[in-house]
Amino acid sequence: MSIPAHLLHPFSEPIKPEADFINIVSAEGAVLTDDTGKQYLDGMASLWYCQVGHGRREMIDAITAQARKLATYNTFDPFTNEPARAVAALIADKSPFDDPRVFLGCSGSEAVDTALKIARLVQQRRGHDDKQIIIRRTHGYHGTNFGGTAAQGIAPNREGWGDLVPHFIEVPNDNIEDVAKAFARHGERIAAVISEPVQGAGGVWPPEDGYLQGLRRLCDQHRSLLVFDEVICGFGRTGSWFGAQTFGVTPDLMTFAKGVSSGYQPLSGVIVAPDVAQELCEPGFMLRTGYTYSGHPMACAAGVANIKLIESDGLVERANDIGKKTVEGLDALVADGIIKGYRGVGAVWAADVGRDAVPLKRDMLDRGVVIRGVGEGIIWCPPLVVSDDQIAQFIETLAEVLK
Ligand SMILES: Cc1ncc(COP(=O)(O)O)c(C=O)c1O
């Protein structure tokens with residue numbers, strides 16, 4: 001039977017024949033199976049998102065139960081639903097804020113664009129009409145909608161789409177002095193700085209010591225807002241519920257997606273600090289943004305079940321154990337001269353292989369391990385249910401491929 005070739009894959013060469021893609025047919029825990037029966041260790045938790053692992057009965061049951069009761073309805077005024085309320089309350093509770101507000105969407109890109117819009121909106125409502133500039137960092141990845149594309153610090157992702165959203169300024173990703181210079185020049189016009197706590201898709205770059213604190217200080221000095229894009233870092237990945245807590249810096253707006261539902265349903269959003277949310281609470285003011293599927297009941301039911309599972313399985317703490325075990329293995333590879341070094345935190349790591357890592361992805365796949373290659377980094381971001389034996393499998397496979 002011929003394979004239909006209609007599907008246009010994201011971040012792929014459209015010329016590539018559909019038959020050359022790996023057809024994943026099932027998954028359990030941290031293991032994937034393709035249509036030939038070959039198994040793979042999912043060292044990327046799909047795309048940095050499947051915290052609770054694949055095939056969790058609790059997730060499927062919660063989604064099914066919600067589908068039977070209320071499969072879909074919107075939350076535009078005057079409607080609401082129980083799962084949307086419940087997931088917002090749980091997310092607020094895990095966040096570093098007392099009594100924040102939580103906006104809901106379906107994708108990280110929607111969350112980022114909404115956070116950027118709210119940042120500019122709030123500046124205008126505070127009377128700072130000139131504050132429109134958003135500072136972005138080199139290596140930053142903030143999704144592929146127009147706002148997130150303009151916020152990207154990965155140049156090729158910004159190219160080819162015509163004019164992007166104006167008023168974005170890029171700073172190198174690791175030097176707070178460069179940010180200070182941008183503020184010295186443009187401070188009166190800077191609405192916000194957007195930063196991942198640990199830059200993910202750009203290659204796993206944890207912040208330099210004091211860097212995020214420096215962003216907080218500069219934003220405070222210039223009445224600019226600090227936006228943490230926690231789409232990868234959120235929900236346990238860095239060894240706390242959010243990167244904000246891991247690094248001890250509280251932003252004004254936080255985006256989340258991915259780990260909030262472990263990807264069982266598309267769910268994302270923006271956590272809005274109480275003093276920022278206050279600006280939106282004037283009688284008669286209407287928040288004119290939102291998505292058809294904001295607060296989708298099945299997605300929110302998945303979020304509720306997922307957060308409860310992360311809690312009952314102790315996965316936030318497990319992320320730190322995964323980190324320790326991964327570091328043991330990576331230390332051994334450094335000692336043997338197989339890799340140059342590594343960087344990361346919690347359960348998200350990059351091994352520095354000292355050469356182009358992109359082609360190594362195929363070699364790892366052939367040996368049954370899914371990783372990503374970014375620059376000279378091999379990325380490891382497994383489900384938080386990955387076992388110690390599976391961590392060892394990743395390290396051994398990496399050593400085989402590099403020898
Ligand atoms: C930090 C960050 N922000 C935003 C996004 C965009 O999320 P989505 O692909 O769900 O739109 C991603 C996706 O990888 C991300 O890593």
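Me: Let's start with a definition: a residue counts as buried if 20 or more other C-beta atoms lie within 10 Å of its own, as exposed if 12 or fewer do, and as partly exposed in between, with C-beta atoms placed from the backbone. So is Gln213 buried, exposed or partly exposed?

Reply: First, this is a predicted model, where local features need pLDDT of at least 70, side-chain atom pairs count only at pLDDT 80 or more, and totals for chains, interfaces and linings use all residues. Residues are numbered from 1 along each chain as its sequence is written. Gln213 has 14 other C-beta atoms within 10 Å, so this residue is partly exposed.

Me: Where does Gln213 lie?

Reply: Helices here are DSSP runs (H or I, at least four residues) and strands are too (E, at least two), numbered from the N terminus. By that scheme, residues 211-221 form a helix, and Gln213 lies in this one: α8.

Me: What is the radius of gyration of the chain?

Reply: This radius is taken over C-alpha atoms, and the globule rule is 2.2 Å times the number of residues to the power 0.38. For 403 residues, a compact globule would come out near 22 Å. The chain agrees with that, because its own radius of gyration is 21 Å.

Me: What percentage of the 403 residues count as buried?

Reply: The C-alpha atoms fill a box of roughly 60 × 55 × 45 Å along the principal axes. Of the 403 residues in the chain, the buried share is 50%.

Me: Which domains does the domain assignment give?

Reply: Domain bounds like these come from an automatic or database domain assignment. The C-alpha centres of the two domains lie 27 Å apart. The assignment gives domain 1 (18-55 + 314-402) and domain 2 (60-312).

Me: Which element gives the most to the side of domain 1 that touches domain 2?

Reply: Two residues are in contact if their C-beta atoms, placed from the backbone, lie within 7 Å. On that basis, 24 residues of domain 1 are in contact with 23 residues of domain 2. The elements giving two or more residues to this side of domain 1 are α1 (45-48), α12 (315-335), β11 (341-345), β12 (348-352) and β15 (377-380). The top giver, with five residues, is α12.

Me: Is Thr326 buried or exposed?

Reply: Thr326 lies in helix α12. Leaving aside neighbours within four places in sequence, Thr326 is in contact with Trp349, Trp380 and Ile391. With 24 other C-beta atoms within 10 Å, Thr326 is therefore buried.

Me: Which residues are in contact with Leu226, leaving aside its neighbours within four places in sequence?

Reply: Leu226 sits in strand β8 (residues 225-229). Leu226 is buried because 25 other C-beta atoms lie within 10 Å. Its contacts are Ala192, Val193, Leu215, Arg216, Cys219, Pro251 and Asp252.

Me: What is the bridge partner of Leu104 in β10?

Reply: Two strands pair if DSSP finds at least two bridges between them. Strand β4 (residues 101-105) has four of its five residues buried. Five bridges join β4 to strand β10 (residues 268-272), and the two run antiparallel. In β10, Leu104 has as its bridge partner Gly269.

Me: Which are the edge strands of the open sheet of four strands?

Reply: The order in this sheet is β1-β2-β3-β13, with mixed pairing. Strands β2 (residues 31-34) and β3 (residues 39-42) pair in the antiparallel sense over three bridges. The edge strands pair on one side only, and they are β1 (24-28) and β13 (369-370).

Me: Which helix gives the most to the shell around the ligand?

Reply: A residue is near a molecule or strand if its C-beta atom, placed from the backbone, lies within 6 Å of it. Of the 14 residues around the ligand, Ser107, Gly108, Ser109, Gly143 and Val231 come nearest. The helix that gives the most, with three residues, spans 108-125: α4.
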